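This briefing concerns selected local features of one protein model. Please consult the sequence and coordinates shown below while reading.

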Amino acid sequence: MAVHRAVRLHGKQDLRLETVPVPEPDENYVLLEMSTVGLCRTDVHLFDEGQLDHIVIKEPITLGHETSGTVSKLGPGVTSLAVGDRVAVDPCRTCVTCRYCRGGRGNLCENMREAGVMQVDGGFATFMTAPADRCYRLPENVSLEEGALIEPLSVAVYGVKRARMVPGDAVVVFGAGPIGLFTMQSAKAYGAGRVLMVDINETRLVLASKLGADVTLKPRSPMSDPQALGEELKSALGGAADVCFECSGGKGTVDAAIHTCRPGGKVLMLGFGEMAMHVHLGMAAFREIDVLGAFASIGSFPECVELVSSGKVDVKSVISHRLPLDKVKVGMDLIRRGESIKVVINCQA
C-alpha cells in the first residue's frame, strides 16, 4: 500500500505529521500531488481551539484549504482533466440539492463540507483527492504557488461583488492582511475610484501602496471613538466612503466603517472577529447604510485565475514566508505573533 505524509489535526492543540495511505480517487474525482498550500488564520483557530464557531473537530482531519497541485491520477468518469494538469482547488463541497444550492447560493449550502476545515481532508499532505469540477486549470504564466492563493482571492472577489461596488466608488479597506490586500486589488481591478487602506502595521501599509492603494493610513484616533476615527478616515479619503470593506476582524472596526460611509453607502464584513459587537446600527439604519456579510465565494475561481494571469491582481507579493510541510506549527506561530503577511507551505519539502 502506497503511503504519504499528512498534517492532521486530532483535536485542540493536537497536530501531528503522520504517514497515512495515499487516497484513491472516487468517481468524478482526481488524485492531486500537492504543491503549495496557504496557511490561513482559520487553520490557527482550529488548532488553538479545536473548533471554529459551530465547526468542531470530532475526528482527525488533514488541514489546509488554500490548495494547488498537479493531477496525478483520474478517477472513473473524469474527462475534463488530464494527468499533469496544474490546478487550483475550490475546497467547498456542496450538496447541489438544498434550497441554497438550487437558488445559486451554494456557499450557504445546508450540507456544506469543506476540505481542510470540516469533514473532508485538505491539502497539507503529499497527496489529496478532489472533485474534478472543483479543480481549475492554471495557465502557463500562473505558478502553482500563485494557484494556492486563488482561494483567498476568491473570497475577496466575492466580497466586492456582494457589496455591489460600482466603478468610481470611493472605497475604504480595513486590514492589510492577505484578504484585505486582495480586496483592495480586486476593488481596483473592478473599477473602484480612490481606495484607502487602513491598518496599524506600517510594513503592511507599505506593501498596500506598492500593490495599488491610493492612500494608506495608520490611524491616530482610537477605536473606542468611532466618530473621531470616521472623520479621520474621511479626511484621508477626501470624503465619505461609498463602500467600506472590513477585512481585519478587529474590535470596533465595523462601527468605524459605519461612521466613515456616506448615507446610502455599504459596509461589507469579510473579517470575522467578535460575533457579538457594539455598533451604531440605529445610525446605519437612519442613514440607510447597508451592513452586509460575505462567506466563502460562489463561482469566482475562473475570474480569479484570469485576474492573476492578466496581472490585474498580484498575489505572489503577499507571500512573506515559505515553509516545508513539517513546519506548519512554525507558520502558525508567525501568524499569531503578527510577524507574517502570508505563509505558504511547500508540501513536497
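Predicted model: local features only at pLDDT ≥ 70, side-chain atom pairs only at ≥ 80, totals over all residues.

The points that follow are grouped by topic.

**Helix H7**
- Helix H7 covers residues 226–237, twelve in number, and spans 16 Å between its first and last C-alpha atoms, close to the expected 16 Å at 1.5 Å a residue.
- Its buried residues are Pro-226, Leu-229, Gly-230, Glu-232, Leu-233, Lys-234 and Leu-237.

**Packing of H4 with H10**
- Helix H4 (residues 150–162) packs with helix H10 (residues 301–309) at an angle of about 105°, and the two axes lie 9 Å apart.
- H4 is therefore roughly perpendicular to H10.
- On the H4 side, the contact involves Ile-150, Glu-151, Leu-153, Ser-154, Val-157 and Lys-161; on the H10 side, it involves Phe-301, Glu-303, Cys-304, Val-305, Leu-307 and Val-308.
- Classified by residue type, the contact of H4 with H10 contains eight nonpolar, one polar and three charged residues.

**Val-120 in strand E11**
- Val-120 belongs to strand E11, which comprises residues 119–120.
- Val-120 counts as buried because its relative accessibility is 14%, where buried means under 20%.
- Beyond residues up to four places away in sequence, Val-120 touches Ile-61, Thr-62, Arg-93, Arg-113, Glu-114 and Ala-115.
- Ala-130 is ten residues from Val-120 along the chain, and their C-alpha atoms are separated by 9.6 Å.

Conventions:
Residues numbered from 1 in each chain as written. Heavy atoms only, no water. Helix = DSSP H or I, 4+ residues; strand = E, 2+ residues; numbered from the N terminus. Expected span 1.5 Å × (residues − 1). Buried < 20%, exposed > 50% of the residue type's maximum accessible area, 1.4 Å probe, protein only. Axes fitted to C-alpha atoms, helices over the stretch in contact; angles between N-to-C directions. Parallel < 35°, antiparallel > 145°, perpendicular 65-115°, else oblique. Contact = heavy atoms within 4.5 Å. Nonpolar A, V, L, I, M, F, W, Y, C, P; charged D, E, K, R; others polar.
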